[in-house]
Amino acid sequence: MICDSHAHLNHDDAFQDDREQVLLRAREAGVDCILNVATRPDDAAATVEVARRHPQVLAAVGIHPHEAALATPAALDDLERLSRDATVVAWGEIGLDYHYMKAPRDVQCAAFASQLQRAAARDLPVSVHNRDSDQDLLDLIHRHAGPRRGVIHCFTSDWAMAASCLDAGFYLSFSGILTFRNADGLRDVARRTPAHRLLVETDSPYLAPVPHRGARNEPARVVDVLERLAEVRGVSAGEMAAITSENFRTLFGQLTESSNSRAGG
Ligand SMILES: [Zn+2]
């Protein structure tokens with residue numbers, strides 16, 4: 001089993017026309033487990049719906065830092081209701097992004113803090129986005145994250161930040177960036193991360209790994225990330241698949257088992 005711990009199958013219209021084929025290709029590539037992550041109040045219901053219809057898909061609901069201004073109490077109440085669906089195993093995508101700064105810093109911090117609290121109240125792990133915002137991210141995690149913790153998705157910071165996130169109990173998920181030629185620093189972080197905290201992801205439709213860089217990404221290509229991670233750590237791809245899918249199960253709970261049984265075994 002191979003798990004893609006972060007994909008956006010309902011992002012705008014990226015998979016509007018061929019979502020079924022994309023999921024079939026994932027299955028053929030051995031990707032039996034995909035976390036489909038919402039980014040806005042208005043894509044959350046569709047994100048959950050895809051998980052309901054496809055046994056290999058699980059869902060996360062939340063509001064991305066780019067959309068932080070949309071995180072009103074009413075919107076969060078709606079997400080909380082949606083999060084009670086059996087397919088929802090995480091709260092996300094949430095976090096901070098000071099690179100694009102599409103919402104003011106204080107608005108991002110407030111949206112992040114309140115969603116960490118919502119996740120903790122629902123006992124859900126979080127899927128966290130971080131770009132150029134290490135210090136505030138750590139502060140808010142230490143203040144508001146629940147005991148289930150979560151994952152820093154598409155990890156790209158340095159080892160000092162990795163160590164802080166690991167100390168805080170978080171998993172680190174590596175994306176196609178791991179395959180980029182200029183990513184030696186990131187590969188070093190991936191080499192040093194304890195095996196029991198590693199996850200892999202595509203962040204589809206973004207971040208297609210080499211040799212597909214620039215194309216629309218899709219969950220089947222998590223295999224390229226997995227193979228690169230295995231190479232970096234000097235283990236077989238099969239071993240890396242076993243480790244990361246076990247970690248997926250540990251972090252997101254029993255639902256990958258039930259998603260298997262929904263598939264008929
Ligand atoms: Zn994402």
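Biologist: Where does Pro 211 sit?

Modeller: Pro 211 lies in the loop between strand 8 (198–200) and helix 8. Keep in mind that this is a predicted model.

Biologist: What kind of peptide bond runs from Val 210 to Pro 211?

Modeller: Look at omega. For that bond omega is near 10 degrees, and the bond is cis. There is also a cis peptide bond between Gly 92 and Glu 93, with omega about 15 degrees. Glu 93 belongs to strand 4.

Biologist: Is Met 101 buried, exposed or partly exposed?

Modeller: Count C-beta atoms. Met 101 has 15 others within 10 Å, so it is partly exposed. Arg 149 has 18 others within 10 Å, so it is partly exposed too.

Biologist: And why does Asp 224 count as buried?

Modeller: The cut-off for buried is 20 or more other C-beta atoms within 10 Å. Asp 224 has 21 such neighbours, so it counts as buried. Asp 224 is part of helix 8. Leaving out residues up to four places away in sequence, it touches Gly 176, Thr 179 and Pro 209.

Biologist: Which residues of helix 4 are buried?

Modeller: Gln 108, Ala 111, Phe 112, Gln 115, Leu 116, Arg 118 and Ala 119. They cover an arc of only 160 degrees around the axis, so they lie on the same side of helix 4. Asp 106 and Ala 121, on the other side, are exposed. The cover over the buried residues includes helix 3 (73–82), strand 4 (88–97), strand 5 (126–131) and helix 5 (134–144). After helix 4 comes Asp 123, with a positive phi near 55 degrees.

Biologist: Last, helix packing. At what angle do helix 7 and helix 8 cross?

Modeller: The axes of helix 7 (residues 184–192) and helix 8 (residues 222–233) cross at roughly 70 degrees and come within 9 Å. Therefore helix 7 is roughly perpendicular to helix 8.

Biologist: Which residues meet there?

Modeller: From helix 7, Arg 187, Ala 190 and Arg 191; from helix 8, Leu 229, Val 232 and Arg 233. The contact has three nonpolar, no polar and three charged residues.

How values were computed
Residues are numbered from 1 along each chain as its sequence is written. This is a predicted model: local features need pLDDT of at least 70, side-chain atom pairs count only at pLDDT 80 or more; totals for chains, interfaces and linings use all residues. Axes are lines fitted to C-alpha atoms, for helices over the stretch in contact, and angles run from 0 to 180 degrees between N-to-C directions. Helices (H or I, at least four residues) and strands (E, at least two) are DSSP runs, numbered from the N terminus. Angles under 35 degrees count as roughly parallel, over 145 as roughly antiparallel, 65 to 115 as roughly perpendicular and the rest as oblique. Two residues are in contact if their C-beta atoms, placed from the backbone, lie within 7 Å. Ala, Val, Leu, Ile, Met, Phe, Trp, Tyr, Cys and Pro count as nonpolar, Asp, Glu, Lys and Arg as charged, and the others, Gly among them, as polar. A residue is buried if 20 or more other C-beta atoms lie within 10 Å of its own, exposed if 12 or fewer, and partly exposed in between; C-beta atoms are placed from the backbone. The arc is that of the directions from the helix axis to the C-beta atoms.
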